[in-house]
Structure formats: C-alpha cells, structure tokens
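Have a look at the sequence and the 3D view, then read on.

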Amino acid sequence: MCSLEQFKIDLKGLTAEATALEFDLDKGFFDALDQTEVEGGTLHVSLSIRKASGFFELQFHTVGTVDIVCDRCLDLMEQPIETDNRLTVKLGSTASEDDDTVTVDENEGILDTSWFIYEFIALAIPIQHVHATGKCNPAMTKALEELSADRSGDEESNQAVDPRWAKLAELNLES
C-alpha cells in the first residue's frame, strides 16, 4: 500500500524560490486513492514549485502509462499518458478551490497534491479507450459480433420501413 504522505507539501516550510520534486506512481498510489477508473499504472511526475509574492505556482509534468478497462472487451489495457498542468496556490484564512487557484489554510500550510495529480491523469485519459485493432480479447470480440449481427437482423426483419424512407430509397435507385 502506498503512503500518500509524500504528496503533502508544507508550503510555509519552502525556503527557496524554486523547488523541484519527483514522484513515481504505481498501482499502490491508485489503490490508496480509492478510485475506480484507473486500475494501476507506472507514471513519473515532475513537480516544480515557484514561490512568488503571495502565491505558489506548481507545474506538473506527468508521463507514463495507466491500466484502464477497454470499453469494447472489458480487459485491462495500457493507455499512454503525458500531460503538463499548472496549479496556483495561495495561503488564506480558509481552504477553498476556485477555478485554477487553490487556497490553503494559512494556519496549516499543507497542500496535499495526491488528488490533484490523480485528476490531471484522469483528465488526460481519452473518453473512449479501446485496444488497438486486433488486440481486444478474441472471445469477447466474437461474442460482440454475434450479438450485433443477431440484433441488427432482428431489427430489420421486425420493423416496417417508414413509407417516407421507402420513397427516398426508390428515388435513390432511379438516379
């Protein structure tokens, strides 16, 4: 199990104007976050923190692969990820999140970056995730083809054609 403590940054304790941190993520990271979309993966996160007057600018660069479920065959697949993200953080009286600015309670001064890193990764995953052609589970692909053929054949035979479409089809055949 991965400890998420390493992702907590003491902003008040940062002394240099620029700080660089590196994180290596694996299945333990995703399990510790208790989320359902990403099953695992191997990623490297480079975090650059620039301390400025009144705020902190965090630049995240994430590269690697995540293990997600294929939409077509439901087997795990590797999805390459490479993303660059920016986050502005300031210290304030109460913790809040507005657009791209996160306010951290100045009495605490600790920013937990683990969930932000996960969100950046999740946003980099394409909406549709399927294996490359020919890489899906063959048994599932065959079952899908059979069900699709059965379903399309049933629909065509059971439904009468709208007369307007039939007339258009006749016009198309004449030309």
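## A threonine in a loop

T113 sits in the loop that runs between β8 (110-112) and α2 (114-124). Helices here (H or I, at least four residues) and strands (E, at least two) are DSSP runs, numbered from the N terminus. This is a predicted model, in which local features need pLDDT of at least 70 and side-chain atom pairs count only at pLDDT 80 or more, while totals for chains, interfaces and linings use all residues. Residues are numbered from 1 along each chain as its sequence is written, and side-chain values use heavy atoms, with hydrogens and water left out.

Is T113 buried or exposed? T113 counts as buried because its relative accessibility is 0%. Buried means under 20% relative accessible area, exposed means over 50%, and partly exposed is in between (1.4 Å probe, protein chains only). Which residues does T113 touch, leaving aside its neighbours within four places in sequence? They are F7, I9, L58 and F60, where contact means heavy atoms within 4.5 Å. The side chain of T113 also reaches the backbone oxygen of F7, at 2.7 Å. That is a polar contact: a pair of N or O atoms within 3.5 Å, where within protein one must be able to donate a hydrogen and the other to accept it, and residues adjacent in sequence count only if both atoms are side-chain atoms.

## The overall layout

Stepping back, the protein has four helices and eight strands. Along its principal axes, the C-alpha trace spans about 80 × 35 × 25 Å.

Of the 175 residues in the protein, 31% are buried. Among contacts with a separation of 6 or more, 57% come from residues 24 or more positions apart. The protein exposes about 11,400 Å², and carbon and sulfur atoms supply 51% of that area. Accessible areas come from the Shrake-Rupley method with a 1.4 Å probe; for residues, only the protein chains shown count as cover.

## Strands side by side

Now for some strand pairing, which requires that DSSP finds at least two bridges between two strands. Strand β2 (residues 18-25) pairs with strand β3 (residues 40-52) in the antiparallel sense, over eight bridges. In this pairing, D24 stands opposite H44 in β3.

β3 also pairs with strand β4 (residues 55-69), again in the antiparallel sense, this time over 13 bridges. Here K51 stands opposite F56 in β4. How many residues lie between β3 and β4 in their hairpin? There are two, and G54 in the turn has a positive phi of about 90°.

## Two residues with positive phi

D34 has a positive phi of about 55°, although it is not a glycine. You'll find D34 in the loop between α1 (27-32) and β3. With a relative accessible area of 69%, D34 is exposed.

L74 is not a glycine either, yet its phi is positive, at about 70°. L74 lies in the loop between β4 and β5 (76-92). At 57% relative accessibility, L74 counts as exposed.

## An aspartate in β7

D105 belongs to strand β7 (residues 101-105). Its relative accessible area is 23%, so D105 is partly exposed. A polar atom of the D105 side chain lies 3.1 Å from the backbone nitrogen of N107.

Leaving aside neighbours within four places in sequence, D105 is in contact with G92, S93 and A95. D105 and L91 are 14 residues apart along the chain, and their C-alpha atoms are separated by 5.9 Å.
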